[in-house]
Amino acid sequence: MSMEKLYIEPGIGIGPVKLGMSKNEVEECIRNCSRNLLNKYNNSFYIEKLYKLSYDSSDSVNFIEIDAIGSSDFDCLFNEINVFKTKAEELVEEIDKISKYDREQWDLGFTYHFPELGLTLWRPVIRKADDLKEGWFKELDPEIQEDEMRNLYFRVVSLKSK
């Protein structure tokens, strides 16, 4: 079974949800996408839980956020790079080649904002591959280790109108 692909397109949108859509257009899009995903995966994954949206004063989408929580059902791609399955440091390095992140507002590695793209990446805790070799990490319960390893990757991607 092929994975659903949600493409991040700066200035345009993420997947089927586009910047500038009206609330009615978004609701229709969500209904169509939910039906397609439910038919495709035959599970209770709902796209309306995946997307967090903000609207401007004219009720047009001006901010789109996607959480990695459902990313076992889809690939979220920026320039063919999976933003939820590429280690955070590697992802930042690759996107930084295209557009520099705001080094004044980068929040110590938790949040990276690429202003020219309107793109932001976030994770709650910074983990690096070397952390997995440390004694403190090896002493953790396996379930906690698994949860901590998720912090090698970004958990949220957002796109806003420029």
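Visitor: Is leucine 121 buried or exposed?
Guide: Leucine 121 is buried, with a relative accessible area of 0%. Buried means under 20% relative accessible area, exposed over 50%, partly exposed in between, with a 1.4 Å probe and protein chains only. A caution before we go on: this is a predicted model, so local features need pLDDT of at least 70, side-chain atom pairs count only at pLDDT 80 or more, and totals for chains, interfaces and linings use all residues. Residues are numbered from 1 along each chain as its sequence is written, and side-chain values use heavy atoms, with hydrogens and water left out.

Visitor: Where is leucine 121 placed?
Guide: In strand β9, residues 119-122. Helices (H or I, at least four residues) and strands (E, at least two) are DSSP runs, numbered from the N terminus.

Visitor: Which residues is leucine 121 in contact with?
Guide: Leaving aside neighbours within four places in sequence, they are Leu91, Ile95, Phe110, Thr111, Tyr112, Phe114, Phe154, Val156 and Val157. Contact means heavy atoms within 4.5 Å.

Visitor: Which backbone oxygen lies 3.4 Å from a polar atom of the histidine 113 side chain?
Guide: The one of leucine 119.

Visitor: Is histidine 113 buried or exposed?
Guide: Buried, at a relative accessible area of 16%. Not counting residues up to four places away in sequence, histidine 113 touches Tyr101, Asp102, Leu119, Thr120 and Lys160.

Visitor: Switching to sheets. How do β4 and β5 pair?
Guide: Antiparallel, over five bridges; β4 is residues 51-55 and β5 is residues 61-67. Two strands pair if DSSP finds at least two bridges between them. Serine 54 has phenylalanine 63 in β5 as its bridge partner.

Visitor: What does phenylalanine 63 stand opposite in β10?
Guide: Lysine 160. Five bridges join β5 to β10, residues 156-160, and these two run antiparallel.

Visitor: What does isoleucine 64 touch?
Guide: Isoleucine 64 sits in strand β5. Not counting residues up to four places away, the partners include Gly13, Ile14, Val17, Tyr51, Leu53, Val157 and Leu159. Isoleucine 64 is buried, with a relative accessible area of 0%.

Visitor: And the loop between β4 and β5, which residue is placed there?
Guide: Aspartate 59 is one of them. Aspartate 59 has a positive phi of about 60° although it is not a glycine. Aspartate 59 is partly exposed, at 38% relative accessible area.

Visitor: What is phi of asparagine 79 near?
Guide: Near 50°, a positive value in a residue other than glycine. Asparagine 79 is found in the loop between β6 and β7.

Visitor: Which strands form the open sheet, and in what order?
Guide: Five strands, in the order β3-β2-β1-β6-β7, with mixed pairing. The edge strands are β3 (17-18) and β7 (81-82), each pairing on one side only. Inside that order, β1 (residues 4-9) and β6 (residues 74-78) run parallel, joined by four bridges. Tyrosine 7 stands opposite leucine 77 in β6.

Visitor: Pockets now. How much space lies in the largest pocket?
Guide: About 220 Å³. The lining divides into five nonpolar, one polar and four charged residues. Among them are Asp67, Ile69, Ser71, Phe84, Lys85, Arg150 and Tyr153. A pocket is an open set of points on a 1 Å grid over the protein atoms alone, where a 1.4 Å probe fits, with protein on both sides within 12 Å along at least five of seven lines; lining residues have an atom within 4 Å of a point. The volume is the space filled by probe spheres set on the points. Ala, Val, Leu, Ile, Met, Phe, Trp, Tyr, Cys and Pro count as nonpolar, Asp, Glu, Lys and Arg as charged, and the others, Gly among them, as polar.

Visitor: Last one: how many helices and strands does the chain come to?
Guide: Five helices and ten strands. Of the 162 residues, 42% count as buried.

Terms used:
A polar contact is a pair of N or O atoms within 3.5 Å; within protein, one must be able to donate a hydrogen and the other to accept it, and residues adjacent in sequence count only if both atoms are side-chain atoms.
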